[in-house]
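Let's take a walk through this chain together, one stop at a time. Have the sequence and the 3D view open as you read.

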Amino acid sequence: MPCLALALSKFSPTPSSNTLPIAPMLTSNRTTSPKSALTRNADASADFAHKLARTRALLQQAAAEFSPATQASSLGAEDVVITHLVNALQLDIPVFVLETGALHSETLALLERTQSHSRAPVRVFRPEHAAVIAFVRNEGQDAIFKSMAQRKACCDIRKMEPLSRALLGQRAWITGLRREQSNARAEVPVLDTSNAALAKFNPLADWTWGDVWHYIAENKVDYNPLHDQFFPSVGCAPCTRAVSLGEDFRAGRWWWEQETAKECGLHVKA
Ligand code: SF4
């Protein structure tokens, strides 16, 4: 496990056209190894500066025109980029995390660090304790592996119900969805206003995985060490595994199910 100790006092941002001049928070002085996610992935697109400018503009639009707006964070690579931008731009956009009770210890540790260093408030939503207890008692510890219906029932209890509380009263939410992540996400728009009551911003929709890691490297963003262990996607521990070379981004999520059904409901349109 790489050393993740933050040393904010030692942080000195490197001048760069892609580097934001402020936001010493949410940064790390982690050293890179040949196998780290940073070394493997940081490779910006030719038009990265243009993409970054548009992402900043979208976040500013969310704060100015869609308040109250909030960012949904799974504490994966895309989400730490967005939270870093929200902080750097000093936007009035709180962040929320669904703490399902089944997250990896690495994710919980990053949540704690983010809460300590983020200028934007970081709110945590947990499932109803009684509902979790009843589900496990009635269906068993391994119910999620028995059928998709039971897996989705677990997602409903641990994610969807807390999500509905997190989004209550919001006019917009901001996600880290990218088109490259899966076929199901290939058409993701940067701004979805199909739900008149709740707009959805996907400001990294056209970013590549290399763009995400380029931003993390340039800005020394603190990231989830699961990515160093070949987890491209961060989720609940029982339902997320590392992937092999050649597998797609979502291959490590609910890998025992059909490819087309791999969503928990958070980003599925009604
Ligand atoms: S991802 Fe897995 S553990 Fe997490 S809520 Fe869904 S089924 Fe339950």
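Helix H5, residues 129-139, lies largely in the open, because zero of its eleven residues are buried. Here a residue is buried if 20 or more other C-beta atoms lie within 10 Å of its own, exposed if 12 or fewer, and partly exposed in between, with C-beta atoms placed from the backbone. Helices (H or I, at least four residues) and strands (E, at least two) are DSSP runs, numbered from the N terminus. After H5 comes Gly 140, with a positive phi near 100 degrees.

Before going on, please keep in mind that this is a predicted model: local features need pLDDT of at least 70, side-chain atom pairs count only at pLDDT 80 or more, and totals for chains, interfaces and linings use all residues. Residues are numbered from 1 along each chain as its sequence is written.

Now step back to the whole chain. Its secondary structure comes to seven helices and six strands, following the pattern α-α-β-α-β-α-β-α-α-β-β-β-α along the sequence. Of the 270 residues, 39% are buried.

Leu 110 counts as buried because it has 27 C-beta neighbours inside 10 Å. Beyond its neighbours within four places in sequence, Leu 110 is in contact (C-beta atoms, placed from the backbone, within 7 Å) with Leu 75, Asp 222 and Asn 224. Tyr 223 is 113 residues away from Leu 110 in sequence, yet their C-alpha atoms are 7.4 Å apart.

Next come the nonpolar cores, each a set of buried Ala, Val, Leu, Ile, Met, Phe, Trp, Tyr and Cys residues joined through C-beta atoms within 7 Å. The largest has 46 residues, and Ala 62, Val 81, Ala 172, Ile 174, Val 212 and Ile 216 have the most contacts inside it. Elements supplying at least two residues each to this core include helix H2 (48-65), strand S1 (69-73) and helix H7 (209-218). Helix H3 gives the most, with seven residues. A second, separate core has eight residues, among them Ile 157, Cys 236, Cys 239 and Trp 254.

Definitions and conventions: Contact = placed C-beta atoms within 7 Å.
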